[in-house]
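Subject: Structure for your review

Dear colleague,

Please find the structure below, as a handover for your own work. A summary of the findings follows it.

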Amino acid sequence: MKLFRFRGGVHPHGHKLLSNQQEIDVLPLPRRLYVPVQQHIGVPAQPVVVPGQKVLKGELIAAAQGTLSAAVHAPTSGTVVEIGPFTAPHPSGLPVTTIIIDSDGEDRWCDEQAHNTDPFSLTPQEISDRVAAAGIVGMGGATFPSALKLHLGHKQRVHTLIINGGECEPYLTCDDRLMRESADTVIDGVRIMVHAIGLEGASIAIEDNKPQAYAAMRSAAEPYPEIRVVRVPSLYPMGSEKQMIQFLTGIEVPAGTRSAEIGLLVHNVATAHAIHEAVRFARPLVSRVVTVSGGAVRNKRNLQVPIGTLVQELFDYCGLVENPARLIMGGPMMGQVIPHTRVPVVKGTSGIIALSQRELGEMQTMPCIRCGRCVGACPVGLMPLELMARVRAADFDGAIDYGLHDCISCGSCAYVCPSHLPLTQFFNFAKGELVTRDVEKRKNDYTRKLAADRQARLQREAEEKKRAAAERKAARAAAKAAKATEQETQA
Amino acid sequence: MSSNPMTTAPLISGPHAHSEESVAKVMATVMVALLPATLFGFWAYGWPAIFLFTITLLSTLAGEAIGLQLAGKPQRLFLLDGSAILTGWLLALSLPPWAPWWVGVVGGLLATLIGKQIFGGIGQNLFNPAMLARVALLISFPVEMTQWVGPHPITTAAAPGFLDGLAITFSGIPNVDSVTGASILGHAKTELTRGIGLTSSLPGHYDATAFSLGTVAGSMGETSGVLLLLGGIVLLMRKVITWHIPVAMLGSVILLSAIFHHVNPERFADPLFHLMAGGMMLGAFFIATDMVTSPTGRIGQLVFGIGCGVLVWVIRTFGAFPEGVAFAVLLMNAATPLIDHYLRPRIYGRRRDGRPLELAERKES
Amino acid sequence: MYAAIAVLALLGFALGYLLGVAANKFKVESNPIVDEVTAMLPGSNCGQCGQLGCSAAAEAMIEGRIPVTCCPPGGKSLAEELGRKLGVSVDLSGMDGPPKLAVVREETCIGCVKCLRACPTDAIVGAPKQIHVVMQNACTGCGACVDVCPTWSIELTPEPETLRTWRWPKPLPVAA
C-alpha cells in the first residue's frame, strides 16, 4: 500500500517498554465506583436510576439524550448510593453529576438482552443501534459517540475506514497490549464496522514501534483479505485523525469539514474491540484497558479497569515510588492534568501517567528566539510563534488569520520549543476566549431582541390603551348625543 | 504516601513531555561549531587575535549586563543563556585580528546595547547584532577595520610573543604598512578601478587552496572556508539550522558568479573565489542563519537566502565596498518581518490563500 | 515678486472660501455613529454604565467620557467590537470573571410581580402569589429587579462555573 506523508511532527521518547512487557492485568473490583453521566462529547446522559436502587452489571443507569450523547451503564452489580456532583477527571477539578455505586462483590451481569444473532445478518441501522445502546464512544480520547459516527458513515457514503492503532502518545501501551492479546476480537469488531458502514474493507494502521502487535494483527487478519494491516512509522501525531488520513490516503480534510463528509472515517482499535463486545454479546462499555505508567509508578502496566474506578485505586494496586509531580489522564502530549487522585476512570481514559519531578525536568521559560522549530514541527503548517505573539497581545483576529482555528492542540510546537514557552496553553486559552465571546455575543443578540420586543409590546399596549380609551370616549359621546337627540325628539 | 490524595495540581496544559532542548543548549551548539575556525584563527594570527577576542567577548557581555540592568531584567538568567557570548564571538571573528583593543570594546558595546537590548533583548532585535556592530565599526573606523595581516602562525618564529601581542593590541601595530595589506576582495576591487582585469590582478595574490584552508590575510575567523563548512555541517546535523538559508545563499552566489564569470572572466570572479574569499562561509552558515533575524518559514528562508546571496554578489561586484556579506545580511534582516508575513506555510486543509480546500480536491493516489 | 504674492494670496482666499462653502453645505446635523453604537449596545437601558440608557451611553462613549468596557452585559466581545468601531484601544483586564446574574431567593419571594414589570428583557417569569424565577439565559444582570423587590429577595450572583463554561487561563507571563 502506498503511503504518504504529513508535514512536521516530532519524535518524542516513547517510554513504551515501561508498561508493554506485561499482560493486561485485571484490577480487583473496587468497593465503590463513581460513574459520571458525561464521559463523551455532547449532551450529558440523564440518570434513570434512583439512590437505593439495586443494579446489575451492564444495566442502563443513565440514558443518552439525543444522538450526540452516550448511554452510561453500571460497571458492576451493586446498589446506587448517591447521584450528585463529584470531581470530574478534568484539569479544572469542577464537579459533574456522578452516579455512585457500591459494589456487592458479585459482579453479576444482567443478561436479559443477550443476543446471539450473527452480526453480519443485521442491518447497518441495527448495528449502530446496538452500538448506541452499549454507550460506546471513541476510546482514543476524543470520546465522540461511536454509533453516531457509524450512522453518519453509512449515510454519507464513506468509502474508506481507517482503524487507528497508531498510539503515538508516549507511555501509552493499552492499544498495543489489546492488539497483542485480543487481535481476533479487534479484527472482528473491525469487520462488524465494515459491515455496518457497507464498505469493501478497512485499513488498520499500526506504528512500527509495536512489532508484536503488528504481527498479531496481521495473522488475525489473515483470513480476511479485505482487512489490511499497515505498518506506519512512529511519528507524533500519527494518531491524530487528520494526520492519519493524510498519511494513509494523501487526502487532506478541507478546513471546516468533517472527515466523514469526504468519505473517510477513523475509529480506534479499542473502539473496535468494544463494538465486538457490544454487537456479539450485548456487553455495554463498562470497563476498559488503562495504562498506568510514569516515573512515579512502581509496577507500570496495563489494567482492565471498571469505568468509575478512582485513580487512587490504580495507584494502590500498582504502587508509587515517589509522590507524583504531575498526574495526567491520557498521554503526556495531549492528555489533561487531573487535580488529584480522587477522580474516576472514564470511557476515554487511555492512561494514567504519574510523572516524577525528574521526568518533568526544569522548564525555565525564556523569550522566544524565533528559532522556527515550532514552524517545522507543526503538522498543520501553522507558525506557532506568530500565533502566540498575537494571542499574547489579545489580537484574536490576528490569531485567527494565522490559523488559530486550524490548530489541533497536538503540542508538537511546545514540545520542541527551546524557550519552553507554553504555546499550546496560549492556543487553548485563545480558543476558550473565542468561545466565551461567541456565547456572550449570542446572548447579547438574544437579550437585545428581548428588550426590543418588550419595548414594542409596551408601546403597543400603551397605544391599545389609548385607542380603547378613545373608543370608550367616542362611545360615551355617541351615547350622550343619542340621548340628547332622543330627548329632543321626545321634547 | 499512596493513601492521601494529592492536593490540587498546577493548572498546566499539555504537552507534559519536552524535547529537553533549551536556548542555552542551542547557543552552546553553535559555539562548538564555531570552535574549529576560531582555534584556527588563534593559531594563524597569534596572541593579538586572542586578546582581541577576549576583549570583544567581555565588552559584549558588559553591554548586555548594562542593558539588562537598565531594563530591570534578571541578569543571571540572560547572561548565562549564551546569546551575548555568541554575539561577541561572531563579532570578534569578523574583525581584523590585529585591530586595536578599542575596536573590540566599541564593537562589543554596540552589538549588545544598540543591536540587541534597545530592541528589547533576546529574540526582539531586528538586525543581527554582530553584523550591526561590524558595519558600524567599518563605516566609523575604515582604516582600523581594513588593516589585514597575513598569517603569523603562533607556532612559528614570525609570530608575536605574548608581550608583543599585548603591545599590538593596546598600542598599535609597529610598522603598520609592512605587515598589513588589503584583503583579496579589496585588492581585486582596487585593481579593477585602476583598469586592471582579474586575470592579471589575481595571480600571485589568490590561491584557491590557501584560501580554502584560510592561510591568508583576512578577518580572525572568516578565512578558513573548510573549517567553517565543517561547523556548518555540525549545525545541520544537530538540527540547529536547516539547509534552506545556507544552500540558497551559496547557491545563488555560485549561480550568479558562474554565469557572469563565464561571460567575462576579466571583470567577474569565479564561484570558488566568491565562496572562499571574505566572510561568505561564516555568513552563510552562522550569520544569515541567526534565528532571531531570519524568517521562520521554509519558503521564507529560501527567499531570504537567495536575497542574501544576490546582494553579496551585487555589492562585491558593483558596490563601493569590496565585501558585502554584512550589508547583505542586514538588508535582508530588514525584510524578514515582511517575508514571514507573506510567505507562510500552507495550512492543512487550506489553499495557499487561506481558503478551505475544495471538497473533492485530493492528491493523486 | 509682487505677482507671486498676489497669486498666492488669491489662491489662499479662493481655497479658503471653497472650504467654508463645503463646510456649510455638507454639514452633518447629528453624528451618525451614535445610532450605530446604540444599535450595538444591549438596548435594555439598564444603567449599569452610569448613563441614562443605552443611547446616552453611546454618546458618552463616542465623546470618550466613559470607556467602552463599561457595559457588563455586553462583555468582552462587545467591548472589543466597540473598540474597533471607535478606533480606541481596549483594556479588557477589568472585565474578567463571570457575569453576575439575578437569582430569586425562593424562601422570601412573595410573588408580587413587581420584578416582572421592571425587567427590561422579560427574563423573569411568574404569576401573582407564585414564586418567580429568573431565566438565566435572558438575564443581563442589570439589577432593575433588585431595586424594586419589596422583600430584598433578588440578588446578583456570579454565574457558577461549570465544565461547560470553564476555559483555560492565559499562561503566566514569560521571564522577560
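**Chain A: domains and overall form**

The domain assignment divides chain A into domain 1 (25–318) and domain 2 (366–491). Please note that the model is a predicted one. The C-alpha centres of domain 1 and domain 2 of chain A are 37 Å apart. Their contact involves 6 residues from domain 1 of chain A and 5 residues from domain 2 of chain A. On the domain 1 side of chain A, the residues touching domain 2 comprise 3 nonpolar, 2 polar and 1 charged.

As for secondary structure, chain A contains 14 helices and 17 strands. Its C-alpha trace extends over about 120 × 65 × 50 Å along the principal axes. Of the 491 residues in chain A, 56% are buried. Among contacts in chain A with a separation of 6 or more, 73% are between residues 24 or more positions apart.

**A helix pair in chain A**

Helix H3 (residues 174–181) and helix H7 (residues 269–281) of chain A have axes that come within 9 Å and cross at roughly 50°. On the H3(A) side the contact is formed by Cys174(A), Asp175(A), Leu178(A) and Met179(A), which meet Val269(A), Ala270(A) and His273(A) of H7(A). By class, the residues of this contact between H3(A) and H7(A) are 5 nonpolar, 1 polar and 1 charged.

**Chain B**

Chain B has 16 helices and 2 strands. Its radius of gyration is 23 Å, which agrees with the value near 21 Å that a compact globule of 365 residues would have. Along the principal axes, the C-alpha trace of chain B spans about 80 × 55 × 35 Å. Buried residues account for 53% of the 365 residues in chain B. When contacts in chain B between residues at least 6 apart in sequence are considered, 75% of them join residues at least 24 apart.

**Contact between chains A and B**

Chain A contributes 64 residues and chain B contributes 44 residues to their contact. Several elements of chain A each supply at least two residues to the side that touches chain B, namely helix H6 (241–249), helix H8 (311–318), strand E15 (326–329), helix H13 (412–416) and helix H14 (423–490). The side of chain A that touches chain B is made up of 35 nonpolar, 21 polar and 8 charged residues.

**Contact between chains A and C**

The contact of chain A with chain C takes 30 residues from chain A and 28 residues from chain C. On the chain A side, H14(A) gives the most, with 19 residues. The residues of chain A that touch chain C divide into 14 nonpolar, 9 polar and 7 charged.

**Domains of chain C**

For chain C, the domain assignment gives domain 1 (32–95) and domain 2 (100–158). The C-alpha centres of these two domains of chain C lie 25 Å apart. Their contact takes 7 residues from domain 1 of chain C and 7 residues from domain 2 of chain C. The side of domain 1 of chain C that touches domain 2 has 4 nonpolar, 3 polar and no charged residues.

With kind regards

How values were computed:
Residues numbered from 1 in each chain as written. Chains lettered and ligands numbered in written order. Predicted model: local features only at pLDDT ≥ 70, side-chain atom pairs only at ≥ 80, totals over all residues. Helix = DSSP H or I, 4+ residues; strand = E, 2+ residues; numbered from the N terminus. Rg over C-alpha atoms; globule rule 2.2 N^0.38 Å. Buried ≥ 20, exposed ≤ 12 C-beta atoms within 10 Å, placed from the backbone. Contact = placed C-beta atoms within 7 Å. Domains from an automatic or database assignment. Nonpolar A, V, L, I, M, F, W, Y, C, P; charged D, E, K, R; others polar. Axes fitted to C-alpha atoms, helices over the stretch in contact; angles between N-to-C directions.
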